[in-house]
Amino acid sequence: MDKVYKQLLTNMKFVLRRSRKISLSADIWTKRGMTESKLGMTARLYDPHSKVMRRMTLACRTFPPPHTAARLFKRTMDILAEWDIAPSKISAMVTDNGSNMVAAFKAFVDSNGSDSHNESDEDEEGVTVTSDDTEEANVVEEVDEYMQFEEQCDRVFDGRIKRHSCTIHRLQTAVRVFEKDETLKPIIRKARVIVKTFRMSTVATGELIKATNLTLIADLNSMEFNFAVTDKLSADKEATIHRVHFYINGLVRHLECIRDALSKLDFSSFHLDNPFDQVILAMESELSRVLGYVINERDPKFDAVNIASTFLHKKLRLTLPHRVASLASRWLALKSSDWYEQNIPDILPEPADPNVTSKFNTDDDLDFFVAASSEVAPHNSPFDLEIQTFNSLPASTEDNTDDNPELFWIQNAGKFPLLSRVALDILAIPAASSAPERVFSIGSAATMGKKKLAGHNLERKILSLRNTEYLPDLDD
């Protein structure tokens, strides 16, 4: 069995070595009370040799608290070294930074007075972390802590590995704040009464259609909406990052349409005040705070990868305004040059000083890539010509918003050799850190009734179960 496992690792390393870029996802699983925790890490990459998108599980190991950004980065570098992966090959790393990580980080800071700490294993054994089930207590405070921890991760990873937040967790964060806001709860209840009234009254429905040309079909609560979106963003076997801008921008536009429609209604005739304005304003405000970097190019943390990946979808690119599509194409030219035409050292720079604006990781920020685009890709360059050709392709009736854009670029790599290269490496980046969560599910099943299966033995079994495609001749 040792020989088979070694062959599995060898085969996986061979695929990793021949890939151009590798995207990572990391998540942390914890038991209630923080009595046990594990770090899971997966990879997603395009294999130019076999012309398929590949998935791998790289790690599932014990990760005692404190779960600081610095320790997460250190463990990431350790895992990369074990797999012989050069840091320059990492296109992005998606982290969850959920409540378990924030709780551990907060407890550690409270007990030490600072987020700076010696990263040795001896020190971590002396830290005791407790986690209370206080989700109902002060959601706004928890979300503020989450956002602060996100900023800490940005500082630690800045200039060394490009880090993306898990979109699903960010969306859930906005939903939780909205749902737990005590000032909004009575308004939401009143709004649901109105929805029920309109649905049961043909007279009220007729007046609504006359005034707005709309009808209320059902009361879709935030959790139902959240599930509909997260189901698409958590897919593992197809691209997901191209959907992020489309979904978040669509949600904001939907709220605007509702506000415009409701402004035509005379609520006084129903002996009611309009309860919707405050709710819509609260939703827009929270979405802007938590996910503004996705859709607002004026946001200080604007990340152009979201518009670029949407641009790479033959159907969804048509939803981008011309100016945004132009920005996306320039960013793609810059990224192509950065990834494939420059010699990138494997020695990473030191972490950024939080008081100093970073010069390393600004290539995804709007001001930088707009200013640099004229220097990187002159007009009518081969890459530009491919962009123009792709952008001129008409969308046919067979094209669908649910299409997996990876298939288009794999099938058309011969026609777009430069653009398909960067397209497939970008589309390999997941929108969420859902893949490691599936690893934890496998781990739970693997240890059921086997109390002694832990540590390296557990990771070995999980890697064997999750990476069977790299041993095609192995019988079940």
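1. Basis. This is a predicted model: local features need pLDDT of at least 70, side-chain atom pairs count only at pLDDT 80 or more, and totals for chains, interfaces and linings use all residues. Residues are numbered from 1 along each chain as its sequence is written, and side-chain values use heavy atoms, with hydrogens and water left out.

2. Length of α1. Helices (H or I, at least four residues) and strands (E, at least two) are DSSP runs, numbered from the N terminus. Helix α1 covers residues 2-18, which is 17 residues. The expected span is 1.5 Å times one less than the number of residues.

3. Tyr5, Leu8, Met12, Val15 and Leu16 are buried in α1. Buried means under 20% relative accessible area, exposed over 50%, partly exposed in between (1.4 Å probe, protein chains only). Down the axis of α1, the buried residues fall within an arc of 100 degrees, so they line one face of the helix. The arc is taken from the directions from the helix axis to the C-beta atoms. Exposed Lys3, Lys6 and Arg17 sit on the face turned away from the buried side.

4. Sheet order. The sheet is open and has 5 strands, in the order β3-β2-β1-β4-β5, with mixed pairing. Two strands pair if DSSP finds at least two bridges between them. The edge strands are β3 (52-62) and β5 (163-165), each pairing on one side only.

5. β1 with β2. Strand β1 (residues 22-30) pairs with β2 (residues 37-47) in the antiparallel sense, over 9 bridges. Threonine 30 stands opposite serine 37 in β2. Alanine 26 has methionine 41 of β2 as its bridge partner.

6. β2 with β3. This pairing is also antiparallel, over 10 bridges. Aspartate 47 has valine 52 in β3 as its bridge partner. The two strands, β2 and β3, form a hairpin with 4 residues between them. In the turn, lysine 51 has a positive phi of about 60 degrees.

7. Burial of β2. In β2, 11 of 11 residues are buried. In a regular strand the side chains alternate between the two faces of the sheet. Ser37, Leu39, Met41, Ala43, Leu45 and Asp47 point one way from β2. Lys38, Gly40, Thr42, Arg44 and Tyr46 point the other way.
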